[in-house]
Amino acid sequence: MKKALEALRKELATFRAGRATPSILDKVTVDYYGTPTPINQVANVSVPEPRMIVIQPWEKTMLAQIEKAILKSDLGLMPNSDGVIIRLSIPQLTQERRTELVKMLHKKAEEGRVGIRNIRRDANEQLKKLEKDRILSEDELKKDQEAMQKLTDKYIKEIDQAATNKEKEIMEV
């Protein structure tokens, strides 16, 4: 359940909320000597201003490749290169795009909740099997199922909190 929550948090970090964060480049890979490599492994990525990301490749030959990878990505950002570094200006989000992002956010949060519930179901099936094999008593089974439900509720609440926080961040103007 912890892994499912962390996976969702990583996914939410890639949502562009009109604010520059290096994590929006996490999904963008660059061809580094024949190997698809994340940008943060071939360049220094920093955020000097709230609406700008600066990418400084460790090898100048990677500059064009990084630009190409950013243009191919679905980020909708235009790289601006001066031959040494690449600057990415993050534009203000339109209200329409914010609403679209919130819909995607809710979909990802629901996928996270479903993942948590699937883990609970699998655990409950294992507990029932243990009871059937007479390793657990009925009382122990009931107690363990209640504990599993409390754990499930806790993680679903954390997913909801993470989604609410990200929604506030997206919708703030």
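1. Let's start at a strand pair: Pro79 stands opposite Leu88 in S6. S5 and S6 run antiparallel and are joined by 3 bridges. Two strands count as paired if DSSP finds at least two bridges between them. Helices (H or I, at least four residues) and strands (E, at least two) are DSSP runs, numbered from the N terminus.

2. A quick word on the model: it is predicted, so local features need pLDDT of at least 70 and side-chain atom pairs count only at pLDDT 80 or more, while totals for chains, interfaces and linings use all residues. Residues are numbered from 1 along each chain as its sequence is written, and side-chain values use heavy atoms, with hydrogens and water left out.

3. Back to the strands. The open sheet has 4 of them, in the order S3-S4-S6-S5, with antiparallel pairing. S3 and S5 (79-81) are the edge strands, each pairing on one side only.

4. Now the hairpin. Strand S1 (residues 29-32) and strand S2 (residues 35-38) are antiparallel and joined by 4 bridges. Tyr32 faces Thr35 in S2, and Tyr33, in this hairpin with 2 residues between the strands, has a positive phi near 50 degrees.

5. The model has 1 aromatic pair by the ring rule: centres of Phe, Tyr and Trp rings (for Trp, the six-membered one) within 6.5 Å, with planes under 30 degrees apart called stacked, over 60 edge-to-face and the rest tilted. Tyr32 and Tyr33 have ring centres 4.8 Å apart and planes at 70 degrees, so they are edge-to-face. Are these two buried or exposed? Tyr32, at 25% relative accessibility, is partly exposed, and Tyr33, at 64%, is exposed. Here buried means under 20% relative accessible area, exposed over 50%, and partly exposed in between (1.4 Å probe, protein chains only).

6. Which residues have the most contacts inside the largest nonpolar core? That core has 21 residues, and the answer is Leu25, Val30, Ile39, Ile53, Ile55, Ile66 and Leu88. H2 gives the largest share, 5 residues. A nonpolar core is a set of buried Ala, Val, Leu, Ile, Met, Phe, Trp, Tyr and Cys residues joined through side-chain atoms within 4.5 Å.

7. Finally, helix H4 (residues 138-171): its 34 residues reach 49 Å from first C-alpha to last, close to the 50 Å expected at 1.5 Å a residue, where the expected span is 1.5 Å times one less than the number of residues. Its buried residues include Leu141, Met148 and Tyr155.
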